Amino acid sequence: MAEHADGPGHADGPEQTDGPHPGRGEGQGGDGTAPARRASDRGRYGRLSRERVLASALGLVDREGLSALSMRRLGAELGVEAMALYRYAEGKDALLDGLVEALHLELEERLAAGQPRTGRAELHRIAGTFHDVCLAHPHAVPLLATRMLAVPLARRPLAVLRLHERVLALLTAAGLDEERTVAVFEAYTAWLLGYVLVELGAMVDNPEETDPALRLGLHRMPPRELPLLRSAAAALADPAGREGLAAGLDALLDRFARQGPRL
């Protein structure tokens, strides 16, 4: 998806002003000063907050996909002018980062509601909960990859960094040295995100078809060039869910466990 800022000068942006643009804080610009202009942020559901803005944005994406998200459309959802949203997100990119934050905050809430474990069991609990959050918000999942490519580590939402810290702490507590901790962390993170992206990948060509081959569009794949892919397509379209995620995670952790302290 092409990502661009809906900042000043765009149809969804506020009018140009001589003062700073509102930042993420309550009514403050990026330099801590009050914005030069401020649209009313009392919408049809009461006064806005960052949490309400992000929740509404995530709900819109859940219903209609990422392409439906814009500052103007979100403002209409909340019953305010688009300009009022710039107190809570500086533009479209900041709003997309906010969706990544919202997913990780939901992950934190779900983890807090469960029983913490240690070592491998906790790594499995985090992975399974991450999987559940992603399946609850499939249209927002691509942002977990695209925004990580666009945003440097130190500028990512704090909820994202807390997840990183949580996993690193588990690996360190298991007795891994720094080099192996980093290696396992990278492999673990890649497996979680890669598995979810593959599981959510579009497979069905024609949802109205009842014939499995036509439903998957196998007639579009050259049989001589792609015999194995055509044969595997039906199985690929039937994801293994949490069971497959756990099996792959165990295989990954077992590989590193052979090299030192057991996870």
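When I say helix, I mean a DSSP run of H or I with at least four residues, and a strand is a run of E with at least two, numbered from the N terminus. On that count the protein chain has ten helices and two strands.

The average for the protein chain is 86, and 81% of the residues reach at least 70. Where pLDDT is low, predicted coordinates should not be read in detail.

Some totals for the protein chain. It has 263 residues, and 41% of them are buried. Among contacts with a separation of 6 or more, 66% join residues 24 or more positions apart.

Now the core. The largest nonpolar core has 57 residues, and Leu95 and Leu99 touch the most other members. Two or more residues each come from α1 (50-64), α2 (71-78), α3 (92-113), α4 (119-136), α5 (142-150), α6 (158-173), α7 (178-200) and α10 (241-257). The largest share is that of α3, with nine residues.

Take Leu95. Beyond four places in sequence, its contacts are Val53, Leu54, Ala57, Leu69, Met71, Leu74 and Ala89. Leu69 is the one I want to follow. Where does Leu69 lie? It sits in the loop between α1 and α2. Is Leu69 buried or exposed? Its relative accessible area is 2%, and the cut-off for buried is under 20%, so Leu69 counts as buried. Leu69 and Leu95 are 26 residues apart in sequence, with 9.1 Å between their C-alpha atoms. Beyond four places in sequence, Leu69 also contacts Ala57, Leu60, Val61, Lys92, Leu96 and Leu99.

Last, the largest pocket, with about 420 Å³ of space. It is lined by 21 residues, and Leu144, Met148, His164, Thr189 and Leu193 are the closest to its centre. The elements giving two or more residues to the lining are α3, α4, α5, α6 and α7. Which element gives the most to that lining? That is α7, with six residues. By type, the lining has 16 nonpolar, three polar and two charged residues.

That is where I will stop.

Conventions: Residues are numbered from 1 along each chain as its sequence is written. This is a predicted model: local features need pLDDT of at least 70, side-chain atom pairs count only at pLDDT 80 or more; totals for chains, interfaces and linings use all residues. Side-chain values use heavy atoms; hydrogens and water are left out. pLDDT is the predictor's confidence in each residue, from 0 to 100. A nonpolar core is a set of buried Ala, Val, Leu, Ile, Met, Phe, Trp, Tyr and Cys residues joined through side-chain atoms within 4.5 Å. Buried means under 20% relative accessible area, exposed over 50%, partly exposed in between (1.4 Å probe, protein chains only). Contact means heavy atoms within 4.5 Å. On a 1 Å grid over the protein atoms alone, a cavity is a set of points where a 1.4 Å probe fits but cannot get out, and a pocket is an open set with protein on both sides within 12 Å along at least five of seven lines; lining residues have an atom within 4 Å of a point. Grid points are joined across faces, edges and corners, and a volume is the space filled by probe spheres set on the points. Ala, Val, Leu, Ile, Met, Phe, Trp, Tyr, Cys and Pro count as nonpolar, Asp, Glu, Lys and Arg as charged, and the others, Gly among them, as polar.
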